[in-house]
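Please keep the coordinates open beside them.

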Amino acid sequence: MSGDADRADPALLVAARQHELCAVVSLAAFAHPAALMRRWVAALHIPYWPVGAYILAYVQHVIGFRFAAIAPRNTIAQVGCPVLIVHGLDDETVPVGEAHQIYAARASDAVELLLVPGSHDDYGDADRQIAALLQFLDRAFANAPALAG
């Protein structure tokens, strides 16, 4: 896979399993690994049946998890802390519709969606988004339990 798609944002999976987190910022996450893998296989002109299907099954075997168990659109409902999903409006690697899928599957109003100008790897003028990020973190940490220290 190319770009950052092969280093997908694990933030939502970690947050679904580590309930002591205070906040999560997820960047350009895909909604389901199978959909991402199918796009990758198609981009390489590999026929889905039987080769692509075998590749998907093999990857699941290697990572030790079924894709459905780690798919952000499935795990988001298990996240207990505030989440900011940030996604570029012009992302061709992971289409913005995937951010909408994750957001739609949330179980809490503590999940926010921030769509920004830019692509998968380039958010253009990221400085323009800093205020929204800081406001999210201020809200999240204002409601977080005091950290033991």
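1. Tyr54 has 56% relative accessibility and therefore counts as exposed, whereas Tyr58, at 44%, counts as partly exposed (buried is under 20% relative accessible area, exposed over 50%, partly exposed in between, with a 1.4 Å probe and protein chains only). This is a predicted model, in which local features need pLDDT of at least 70 and side-chain atom pairs count only at pLDDT 80 or more, while totals for chains, interfaces and linings use all residues. Residues are numbered from 1 along each chain as its sequence is written, and side-chain values use heavy atoms, with hydrogens and water left out.

2. A search of the whole structure finds 1 aromatic pair. The ring centres of Tyr54 and Tyr58 lie 6.2 Å apart with their planes at 20°, so this pair is stacked (rings of Phe, Tyr and Trp, the last by its six-membered ring, pair if their centres lie within 6.5 Å, and planes under 30 degrees apart count as stacked, over 60 as edge-to-face and the rest as tilted). Because Tyr54 and Tyr58 are 4 residues apart in helix 3 (residues 48-63), about one helical turn separates them.

3. The charged end of Arg38 sits over the ring of Tyr48, 3.6 Å from its centre, and Arg106 lies over the face of Tyr103 at 3.8 Å from the ring centre (the criterion is NZ of Lys or CZ of Arg within 6 Å of the ring centre and within 35 degrees of the ring normal).

4. The chain has 7 helices and 3 strands (DSSP runs numbered from the N terminus, helices being H or I of at least four residues and strands E of at least two).
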